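Let's take a friendly walk through a protein model. Have a look at it first, then read on.

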Amino acid sequence: MENNLLNGHLGNLILALAVVAWAIAQVLKVVIVLIQNHRLDFRRITGSGGMPSSHSAFVCACASATGNLYGWSSPIFALAAVLAIVVMYDAANVRKAAGEQAKILNYMMEHWMEMKPELFGKELKEFLGHTPVQVIAGAVLGIVIGLAGTWLFR
């Protein structure tokens, strides 16, 4: 691959496109919260969870760029696609369940009068996972960036 703007920054076009997809997804989270809640929440830039899934965008940009550059039947695309599926499954299921459990535990900690709050430490993070729609939105964003980026910058 020839050297270009994106390829030059990270030395790898596929990695650069994955990072761009992740960054766009994170910025979109701030914009969506601004539109929905009429407030700027810059914590969304680095936070997990929310719309769209930056994890899905990241791995789908990687997989689609890999497929576009090396062939859809190549072993390297197969590896990238399997990784993307595992990450998206985790984002939509395992991490979502952990977030739901954190909600319940936080509620229990708030209402547990006989125990001192110091025993529990800080509140657990509830915003861990994604809904299936958030995962799909992130995947579509990543695929579009992966395909468009390899078409534009290779």
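Below are some notes on spans, a surface patch and a ring pair.

## What you're looking at

This is a predicted model, where local features need pLDDT of at least 70, side-chain atom pairs count only at pLDDT 80 or more, and totals for chains, interfaces and linings use all residues. Residues are numbered from 1 along each chain as its sequence is written, and side-chain values use heavy atoms, with hydrogens and water left out.

## Spans from the record

UniProt, in an unreviewed entry, puts the feature "transmembrane region" at residues 12–35, 56–89 and 133–153. Such annotations may be inferred rather than shown by experiment.

Residues 12–35 are 96% helix and 0% strand, with end C-alpha atoms 35 Å apart. For residues 56–89 the figures are 88% helix and 0% strand, and the end C-alpha atoms lie 9 Å apart. (Helices are DSSP runs of H or I with at least four residues; strands are E runs of at least two.)

## A nonpolar patch

Ile24, Val27, Leu28, Val31 and Ile35 make a nonpolar surface patch of about 390 Å². Patch residues have over 30% relative accessible area and no salt bridge; like charges are joined within 9 Å, nonpolar side chains within 5 Å. A salt bridge is a side-chain nitrogen of Lys or Arg within 4 Å of a carboxyl oxygen of Asp or Glu. Areas come from the Shrake-Rupley method with a 1.4 Å probe.

Ile35 sits in helix α2 (residues 13–37). Ile35 counts as exposed because its relative accessibility is 59%. (Buried is under 20%, exposed over 50%, partly exposed in between.)

## Two rings

There is one aromatic pair here. The rings of Trp72 and Phe77 have centres 5.0 Å apart and planes at 80°, so they are edge-to-face. (Rings pair if their centres lie within 6.5 Å; planes under 30 degrees apart are stacked, over 60 edge-to-face, the rest tilted.) Trp72 is partly exposed at 46% relative accessibility, whereas Phe77, at 18%, is buried.

Notes. Buried < 20%, exposed > 50% of the residue type's maximum accessible area, 1.4 Å probe, protein only. Phe/Tyr/Trp six-rings, centres within 6.5 Å; stacked < 30°, edge-to-face > 60°.
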